[in-house]
Amino acid sequence: MGRPVRFLTPWNLRTGGIVLVVVLTLVVVRAFFPGFFTTFFTPLWNVGERGTASVGAVGTFFTDKGELALERDRVQSENEGLIAENGALRERVADLTALLGSRTETNSGIVGGVLARPPVSPYDVLVIDVGTGDGVKTGAQVFGNGGTPLGTVASVNNSSARVLLYSAPGRETAAWVGEKRIAGTLRGEGSGAFSMLIAREAGVVVGDLILVPGAGALPVGTVISVEDDPAAPRARVRVRPVSNPFSVSWVTIAPSLAL
Amino acid sequence: MIRYAVLFVTFLSLFWLPWQYSVVFMLIASIFFPLSGMLFGVLFDVLYAPLGFVGLPLGIVWGATASLVGFGLSRFISARIMSA
C-alpha cells in the first residue's frame, strides 16, 4: 500500500505564493495602468502578424492552388469592402437627396494596424497600434474596409487601444433596418454575429441592410434570417456582419466622433 | 525541459493562436505546473477583457478549471508512481 500524497508541501506553498503575487501584480497594474500590457506585448503581437503572413506566403509559393486561394481571399476582402462602401454611399445619397444643401465634407480618420483580433481574443475585442499619441480617444468610432463601422474605442493608452466591437456578446447598439429605417436595438452575439428583435409587422426581409449612426447611416450587416413565430409579438432577426472581424487588419478611427 | 517548453508555448499561444488552442495549452501546462493555468488565465483576461467588462471572465474561468484539472491529474500521477 502506497503512502498518501501530501498536498501542502513546502514547494506547493512557495509556488502558490509566487503565483498569487504575480496574479495580484497583473490585476493591480491592469487596474491602474490599463495600457501597460498592450504596449509591453505589442512586439509579440507584431511578430505573430508577420509570422502569419510569412507562413501563408510559404504555402502559396509552391502551389498554384495556394496562389489561387490567396487571390480569392484578396478579392473576397476587396469585394466585402466594396459592398460596404456601396451600401454606405447608397444610404448617403438617400440622405443627401432628402436633405439637399446639407454639409457633405468627409471625415478624415486615423489609420491603425490591428495587433490582435478574434479568434485570438474571445471578447470581440481588437487591439490596435495607435493611441492617444496619435489622437485616438475613448469612445471614438472605429471603421473597417469601406468605412464599415466595427465598434468603439473602449480603452486607450499612449501607443495602443482596445476596440470593443459592436458584435461583442451582449453589447446593444441603436440601429435601423432596411430602406424604411425601422429603429431597433442591435445585439451582439459574439464572433461578429448580431441579432435584433423587430415588430413582426415591420416587414423586414432577408437581405435588408442594418445601419448604425455614424457619418450618416452606415451599414454593419445584412439580414440573413427572420425567425417569425406567430405566437410572439416580435420577430428575431439574424444578422451577418458586412465586415468579417476575423480578417480585419487595418482600421480607421474617427477622432471627431468621440462620444 | 519539455515542461518549460510547454509553458513557453502556452505563453506564446495567448498572442498568436485562437483562444481555443490557448485553453488546450493551459490545460497541458497545468499538468506540469498546476497553478500555471490560473496564471495564464489571468494574463489572458488582462490582455483582452475590455475595461468595465461585465460578464464571465472567460480567461480566469478556463485558467482555474485547467488548474483544478492539473492538480487532480498531477496528484493522481504522483500517487500511481509512488504506489508502483
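User: Hello! Which residues is A:Gly184 in contact with, leaving aside its neighbours within four places in sequence?

Analyst: Welcome! In this predicted model, A:Gly184 is in contact with A:Thr173, A:Ala174, A:Ala175, A:Met196 and A:Ile198, once neighbours within four places in sequence are left aside. A:Gly184 itself belongs to strand β7 (residues 182-190) of chain A. Between the C-alpha atoms of A:Gly184 and A:Ala174 there are 6.1 Å, and the two residues are 10 residues apart along the chain.

User: Why is A:Gly184 called buried?

Analyst: The relative accessible area of A:Gly184 is 17%. Buried means under 20%, so A:Gly184 counts as buried.

User: What share of chain A counts as buried?

Analyst: Of its 259 residues, 38% do. Chain A is built with 3 helices and 12 strands. Taking the contacts in chain A with a separation of 6 or more, 56% come from residues 24 or more positions apart.

User: Let's turn to chain B. Why are α1(B) and α2(B) called roughly antiparallel?

Analyst: The axes of helix α1 (residues 2-16) and helix α2 (residues 19-32) of chain B cross at roughly 155°. Angles over 145 degrees count as roughly antiparallel, and therefore these two helices are roughly antiparallel to each other. Their axes come within 9 Å, and the crossing is left-handed.

User: Which residues make that contact?

Analyst: On the α1(B) side they are B:Arg3, B:Val6, B:Leu7, B:Val9, B:Thr10, B:Ser13 and B:Leu14. From α2(B) come B:Ser22, B:Phe25, B:Met26, B:Ile28, B:Ala29 and B:Phe32. By kind, the contact has 9 nonpolar, 3 polar and 1 charged residues.

User: What makes α3(B) a mostly covered helix?

Analyst: The count of buried residues does: 11 of the 13 in α3(B) are buried. Among them are B:Phe40, B:Val42, B:Leu43, B:Phe44 and B:Asp45.

User: How do you know that the span of α3(B) is close to the expected one?

Analyst: Helix α3 (residues 36-48) of chain B reaches 18 Å from its first C-alpha to its last, and 18 Å is expected at 1.5 Å a residue. Helix α4 (residues 58-83) of chain B, with 26 residues, can be checked likewise: it reaches 37 Å, close to the expected 38 Å.

User: Which residues of α4(B) are buried, and what covers them?

Analyst: In α4(B), the buried ones are B:Gly59, B:Gly63, B:Ala66, B:Ser67, B:Gly70 and B:Ser74. Their cover includes α2 and α3 of chain B.

Definitions and conventions: Residues are numbered from 1 along each chain as its sequence is written. Chains are lettered from A and ligands numbered from 1 in the order in which they are written. This is a predicted model: local features need pLDDT of at least 70, side-chain atom pairs count only at pLDDT 80 or more; totals for chains, interfaces and linings use all residues. Side-chain values use heavy atoms; hydrogens and water are left out. Axes are lines fitted to C-alpha atoms, for helices over the stretch in contact, and angles run from 0 to 180 degrees between N-to-C directions. Helices (H or I, at least four residues) and strands (E, at least two) are DSSP runs, numbered from the N terminus. Angles under 35 degrees count as roughly parallel, over 145 as roughly antiparallel, 65 to 115 as roughly perpendicular and the rest as oblique. A crossing is left-handed if the near helix is turned anticlockwise from the far one by less than a right angle, and right-handed if clockwise. Contact means heavy atoms within 4.5 Å. Ala, Val, Leu, Ile, Met, Phe, Trp, Tyr, Cys and Pro count as nonpolar, Asp, Glu, Lys and Arg as charged, and the others, Gly among them, as polar. The expected span of a helix is 1.5 Å times one less than its number of residues. Buried means under 20% relative accessible area, exposed over 50%, partly exposed in between (1.4 Å probe, protein chains only).
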